[in-house]
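Student: Hi! I've just opened this one and would like a hand finding my way around. Can we go through it together?

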Amino acid sequence: MSTAIVNSPATALPLVMTVQLHTATPEKSLLRFTTAGSVDDGKSTLIGRLLYDSKAIYEDQITAVQKSGINRSSAPIDLSLFTDGLRAEREQGITIDVAYRYFSTPRRKFIIADTPGHEQYTRNMVTGASTANAAVILIDATKGLLSQSRRHIYLSALLGIDHVIAAVNKMDLAGYDQNVFQRVEQEFQAFCRQFGIRNTCVIPVSALQGENVVEHGEQMQWYDGPTLLELLENIPDTNAHHSAALRFPVQYVIRPDAAFRGFAGRVCAGTLRPGAAVVALPSGVKSRIKSIISYDGELDSAGTGRSITITLEDEIDLGRGDLLACPDSMPQVGTRLQANLVWLHSDQMRPGKTFLLKHTGRTMRATVSSIQHCIDINSFSTVNAATTLRMNDIASVILETTQPLYFDPYQQNRTMGSFILIDPMHNATVAAGMIVTTTGPSSSSRSHGEVQLRERILRNGHPPAAVWLVDRPDLAAALEREIFARGWHGQILSDAEFDPHQLKAVARAFRNSGAITVLTISAGTYGIRHEIETIFGSEHFIALSSLPEKQCDALAVLLRHLQAVTGDANENQVD
Amino acid sequence: MQNSHLQHLRQLEAESIFILREAVAEFAQPVMLYSIGKDSSVMLRLAQKAFYPGKIPFPLLHIDTSYKFPEMIQFRDDYARAIGAELIVHSNRQALEEGANPYALGTQRCCGLLKTRALLNALAEGGFDAAFGGARRDEEKSRAKERVYSFRDASGQWEPRNQRPELWELYNGRHHQGESIRVFPLSNWTELDIWLYIEAEKIPIVPLYFAQEREAVERGGQIILTSSGVRMLPGEKARKVRCRMRSLGCAPCSGAIRSDADTVPLIIEEMIAFRRSERENRVIDHDEEGSMETKKREGYF
């Protein structure tokens, strides 16, 4: 981009935009960034300045602000009013919640996740940062690096943001003094290094006077770096993992007719190509990509971020929540995970509580079994004694999931390493999670003595159950295979091997081991049905008087009933 | 689209398709609010793409106030038929029979009955638990904090303090019986993105968007088209104006702008050159400071 455009966006912007439509100019890309600042460091003014100077604010909106008669600034127009959204917060003079703003230059479209700096800042900043590739942290030049600025830097690192920019604002009030700027710069850089942030940049600005935001100013000749906008226009998009190993979570199955079965989803790492070998998880079945389908025709490849539909060479069982991965570079898997958790809700969390965990297109039950430590957001030291989590707390926790979870560590891949926790009663999103690693049972949380059935249920992710199949030996093996593929604990028990008395004893042992017991029964043994039902409890006993003739249809019916028994009848989306 | 140099449109497209699929996968009874405008046209194309080669797996719902431009109704019926979509048209019959109109009631109350009430009734009657809408966050200040999944209680109302945080791409659509969610796949698009996409994809739109000579009157600072059946008030005189609609709503309450732009590239050029927001010509947004926020709390899109 030429500097002429930056220096005079008023005339250059429309021309270049129009030309771009018709000629092959460089790609116009998308950058998402988040802004964080403390209450009075001029963040709204800075964003107002970015929007105003890049002509993203319309004349009638400017007129409305002028008409309002409010001007809390010393400039001709109060730029902060363009971004203060809801009436409630305008009256209070504070901004609540994350607001999204948009502006565009010939080179880039920008999405700003604007997060407020007051209470609930952690929850809001984490939300805004979760989708951002860059963070702009406002620092008041007259105050230096405050504890709030440190929190913003820490949260940027936690959320895996690669580019952290400090906008040292109010340089006008600091007399545009280079020494003031350098002091803040050194403090900022040192703090970023502490958290391993790779790309940092510090810019002296005056949002109020428009110095170094969109245009270079007159007041700081000693600064020869880019303006904030120039920097934002040139940050590489590091969120594209085109060369990484393939990860394709199946989002939706498209079957317009019996002949076509397409798996729709968004590539979250790697590049899809026809002919490439893939492994379906959790089933472990291998196949190859046959074609990549899109409304615009078949594609030769689809890189990270694309939403497409694929077909496979083989007819394998695959549905929403399953993952297609590169067989040479598999994701990690575990039911016991160490994760960083940010608590978002006013309800307090005590270990032992079970939630719904949503990870890619999969929702399963998960229990927070222990809090390893909390992070003190002021000192960044760890606090070991935490027994509960409150809103805005950040903690390292151990989670036990009811199903094996396939993931990549969050710092490698955000989509594959992130999850939310949902309260199963009131359905609120209560926590944001970032997976660090899978972990074995720890000695501290190990119970003693005989293993209880409830412990088995927690590990298996389902209670024991029985499926009563009369004269359908064809179904038993197929059902057992499905149970196994889902990571459940289950086994066939056939009356061909035991007399009725033995059968009851073995069924009891199976039940005590927590197994889903697939009983294959011939008409002669039918008499013990009531006793078997008593062993498992009638709510966990599936006996269907009429099953479809076709094996796959019968299996589908049985699995639906099993899902209802193992999970919750009302929660059809939970694995 | 895949060969376009406008890479940001591809990214927006991929995100919108992801959102459409996610909601369809997680809700029992989704529906798409189809307003016939340019944003709806883009949203509809994205739905075609999301479920290709299958059909769009939900019906389209149009809330007909009976005051829409006749050109819109014509376009709606032709286009729905052409792409083989299921179309539901719903009106608040009772209010219309009782004579609801913007002249007698004022725009606020008229919208309340013929749009908001009609919409809530239609959603309840259809048992819809998710409704796609074409709203964008850049349209109006109160929308800047709107979620992609906007949660509504059992009476269809929006409570700003009770919205769920949205992290990564992990949308939480869980809800109790009677509660519903409005889903906004175009949240991150701007008006300019919409037009660039219409151009790149050659998406059909209502001809009212293109400039031509039309019969109109000036009323309250707005150019109101009488060629579309709006009745004239005493003392008004229609004359020919070369103009086009920037935003489509009800004919008596949507102003046209003077323009020569009669192709999509010319519209884009005009858009970039002139600096007025698209809702400026919507009478309803200016009735009262913060009026959009009030309407949203009541259940308006």
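Student: What does the secondary structure of chain B come to?
Tutor: Chain B has eight helices and ten strands. Helices (H or I, at least four residues) and strands (E, at least two) are DSSP runs, numbered from the N terminus. This is a predicted model, where local features need pLDDT of at least 70 and side-chain atom pairs count only at pLDDT 80 or more, while totals for chains, interfaces and linings use all residues. Residues are numbered from 1 along each chain as its sequence is written, and chains are lettered from A and ligands numbered from 1 in the order in which they are written.

Student: How much of chain B counts as buried?
Tutor: Of its 301 residues, 55% are buried. A residue is buried if 20 or more other C-beta atoms lie within 10 Å of its own, exposed if 12 or fewer, and partly exposed in between, with C-beta atoms placed from the backbone.

Student: And what share of the contacts is between residues 24 or more positions apart?
Tutor: Counting contacts in chain B with a separation of 6 or more, 74% are of that kind. Two residues are in contact if their C-beta atoms, placed from the backbone, lie within 7 Å.

Student: Let's pick a helix. How many residues of H2(B) are buried?
Tutor: H2(B) is mostly covered, with 13 of its 14 residues buried. From first C-alpha to last, H2(B) reaches 21 Å, close to the 20 Å expected at 1.5 Å a residue. That expected span is 1.5 Å times one less than the number of residues.

Student: Which residues of H6(B) are buried?
Tutor: They are Glu191(B), Asp193(B), Ile194(B), Trp195(B), Leu196(B), Tyr197(B) and Ile198(B). What covers them includes H1, H2 and H7 of chain B.

Student: How do the axes of H6(B) and H7(B) cross?
Tutor: H6 (residues 191-201) and H7 (residues 264-273) of chain B have axes that come within 9 Å and cross at roughly 160°. Axes are lines fitted to C-alpha atoms, for helices over the stretch in contact, and angles run from 0 to 180 degrees between N-to-C directions. H6(B) and H7(B) are therefore roughly antiparallel to each other. For such labels, angles under 35 degrees count as roughly parallel, over 145 as roughly antiparallel, 65 to 115 as roughly perpendicular and the rest as oblique.

Student: Who meets whom there?
Tutor: From H6(B) come Glu191(B), Leu192(B), Trp195(B), Leu196(B), Ile198(B) and Glu199(B), and they meet Val264(B), Pro265(B), Ile267(B), Ile268(B) and Met271(B) of H7(B). The residues of this contact divide into nine nonpolar, no polar and two charged. Here Ala, Val, Leu, Ile, Met, Phe, Trp, Tyr, Cys and Pro count as nonpolar, Asp, Glu, Lys and Arg as charged, and the others, Gly among them, as polar.

Student: What comes just after H6(B)?
Tutor: Lys202(B) sits there, with a positive phi of about 55°. Most residues other than glycine have a negative phi, and most peptide bonds are trans.

Student: Where is Trp168(B), and what is its phi near?
Tutor: Trp168(B) lies in the loop between strand E5 (149-152) and strand E6 (180-183) of chain B. Its phi is near 50°, a positive value in a residue other than glycine. Trp168(B) is buried, with 20 other C-beta atoms within 10 Å.

Student: Which residues are joined by a cis peptide bond in chain B?
Tutor: One such bond joins Tyr52(B) and Pro53(B), with omega about 0°. Pro53(B) is in the loop between helix H2 (38-51) and strand E2 (60-63) of chain B.

Student: Now Ala23(B): buried or exposed?
Tutor: Ala23(B) is buried, with 24 other C-beta atoms within 10 Å. Ala23(B) is found in helix H1 (residues 7-26) of chain B. Leaving out residues up to four places away in sequence, Ala23(B) touches Pro30(B), Ala130(B), Phe132(B), Gly173(B) and Val183(B).

Student: Switching to chain A, how do H13(A) and H14(A) pack?
Tutor: H13 (residues 500-512) and H14 (residues 529-536) of chain A pack at an angle of about 20°, with their axes 10 Å apart. That makes H13(A) roughly parallel to H14(A).
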